[in-house]
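Reader: I've got a new model open and I'd like to learn how to read it. Can you walk me through it?

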Amino acid sequence: SFYLEHIRLNSHLNAFLEVYDEEALKRAEELDALLAAGKKPGKMHGVVIALKDVICYKDHKASAASRILENYTAIYHATAVAKLLAEGAIIIGRNNCDEFAMGSSNENSSFGKVLNALDNQRVPGGSSGGSAVAVQAGLCMISLGSDTGGSVRQPADFCGIVGLKPGYGKVSRYGLIAYASSFDQIGVFANSVADAALTLEVIAGADEFDSTAGNEPVLPYSAKLSEGKPSYKIAYFKEALEHPSLDPEIGTAIRQMITRLREKGHVVEPVPFDFTDYIVPAYYVLTTAEASSNLSRFDGVKYGYSAKAGFTDLTDFYKKSRSHGFGKEVKRRIMLGTFVLSAGYFDAYFTKAQQVRQILVEKTAEIFSSYDILISPTVPSPAFKFGEKSNNPIEMFLADIYTVYANLVGIPGISLPLFKHSSGMPFGIQAQCPREDELTLLQFSHRVM
Ligand code: GLN
């Protein structure tokens with residue numbers, strides 16, 4: 001009831017699309033009763049968790065913050081949710097986000113923007129803005145978001161909390177409403193690395209419902225958190241720190257951090273990286289292509305919103321349902337995606353972008369053959385003001401420069417809130433590691449936090 005009260009007091013932040021008041025209280029009582037009856041508490045016993053509105057929770061609405069799914073009720077649990085419940089978690093509500101997880105500021109939600117709790121004039125980041133603010137403002141203990149190109153790490157950076165994107169396939173995507181399936185990962189918002197580690201340990205693992213979820217055993221991340229190496233080999237991209245879009249204060253903070261890491265005995269070295277200008281375009285070509293295919297299932301017949309009248313034939317019905325149901329950014333991306341996949345342009349855009357992705361995968365393997373960790377800023381600037389970038393999609397896209405790399409190559413990434421900007425807003429550093437090495441990433445993060 002502490003959290004329910006907090007949510008009520010902070011309803012102006014618009015972080016929640018729905019709060020499961022009575023149900024959460026009842027669940028807490030049931031968990032108490034189980035404990036009183038001598039049952040062993042689960043790893044998440046009584047932990048209050050919120051879910052981004054793209055993650056299915058059986059018998060509850062899941063709208064992806066879109067009109068087209070406004071009245072859709074999930075008929076099964078996402079695997080991650082089922083695992084949390086099995087360990088005794090309390091799901092307190094669903095969080096506002098950018099429609100279909102497309103955006104960087106939460107200004108693309110069909111149900112209003114989310115305010116950054118530290119400065120209500122500023123964006124919380126996106127697309128998982130509501131989930132980030134829910135943890136930032138103490139409205140729950142932990143929340144789950146999704147990260148296709150930074151949607152957990154970037155809002156965590158803007159809100160001053162920890163945001164973890166596991167490697168591709170670490171957490172089952174079953175029950176996660178798809179944006180770009182070869183990029184999407186469920187991620188965790190938390191106040192500490194320890195909380196993120198424990199949550200990952202619970203939600204990770206193989207799943208018969210998602211063939212892309214890896215079979216590797218899930219390690220006891222939280223128990224091993226303090227067992228990290230005495231020193232790490234850390235790489236950074238010099239080009240990334242010299243990028244014109246990088247706020248000078250953030251650049252300085254990262255450089256000082258590099259000096260401090262060296263003083264503590266870590267090896268920190270620049271590695272050449274010539275692909276900075278290609279990663280954001282490759283990301284937007286590939287993700288919009290996948291999105292245009294994934295979102296074709298929303299035709300007004302099988303799911304959600306349907307045009308009620310005023311259509312002439314079936315094609316017109318699809319057209320009207322989709323034009324009314326989807327918001328502007330989603331439509332922009334569907335059009336972009338169908339364009340890059342169209343016969344005449346496929347090779348010029350889609351094939352090229354896939355080639356870039358392949359080169360990046362090879363480059364990443366090469367880097368991690370000599371280094372444990374790759375560090376960078378999480379975002380080139382701290383949280384910006386509402387409206388500042390919303391009329392300029394290219395500028396909005398370019399702000400994803402440091403986060404989309406991890407999704408293109410499938411590696412884990414985490415944003416750690418370490419600094420404060422003169423604007424008063426927090427910002428962090430991002431650490432990335434080889435695929436399947438979340439343990440090293442978490443141990444390193446625990447050390448520097
Ligand atoms: N800002 C990126 C985009 O709009 C990231 C979104 C995400 O990770 N879901 O695609």
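We'll take a helix, then the sheet, then the ligand.

Author: Two ground rules. This is a predicted model, where local features need pLDDT of at least 70, side-chain atom pairs count only at pLDDT 80 or more, and totals for chains, interfaces and linings use all residues. Residues are numbered from 1 along each chain as its sequence is written.

Reader: Which residues of α8 are buried, and which are exposed?

Author: An α-helix has 3.6 residues a turn, so residues three or four places apart point the same way. Helices here are DSSP runs of H or I with at least four residues, strands are runs of E with at least two, and both are numbered from the N terminus. Buried means 20 or more other C-beta atoms within 10 Å of a residue's own, exposed means 12 or fewer, and partly exposed is in between, with C-beta atoms placed from the backbone. In α8, Ile-250, Ile-254 and Leu-261 are buried. They cover an arc of only 40° around the axis (taken from the directions from the helix axis to the C-beta atoms), which puts them on the same side of α8. The exposed residues on the other side include Arg-255, Gln-256 and Glu-263.

Reader: And what order do the strands of the sheet take?

Author: Strands pair if DSSP finds at least two bridges between them. The open sheet has 11 strands, ordered β1-β3-β2-β4-β6-β5-β10-β11-β9-β7-β8, with mixed pairing. Its edge strands, β1 (16-19) and β8 (267-271), each pair on one side only. Strands β2 and β3 run parallel, joined by 5 bridges, and Lys-52 stands opposite Asn-95 in β3.

Reader: How many residues surround the ligand?

Author: There are 14, counted when the C-beta atom, placed from the backbone, lies within 6 Å of the ligand. Ala-101 and Ser-104 are among the closest.
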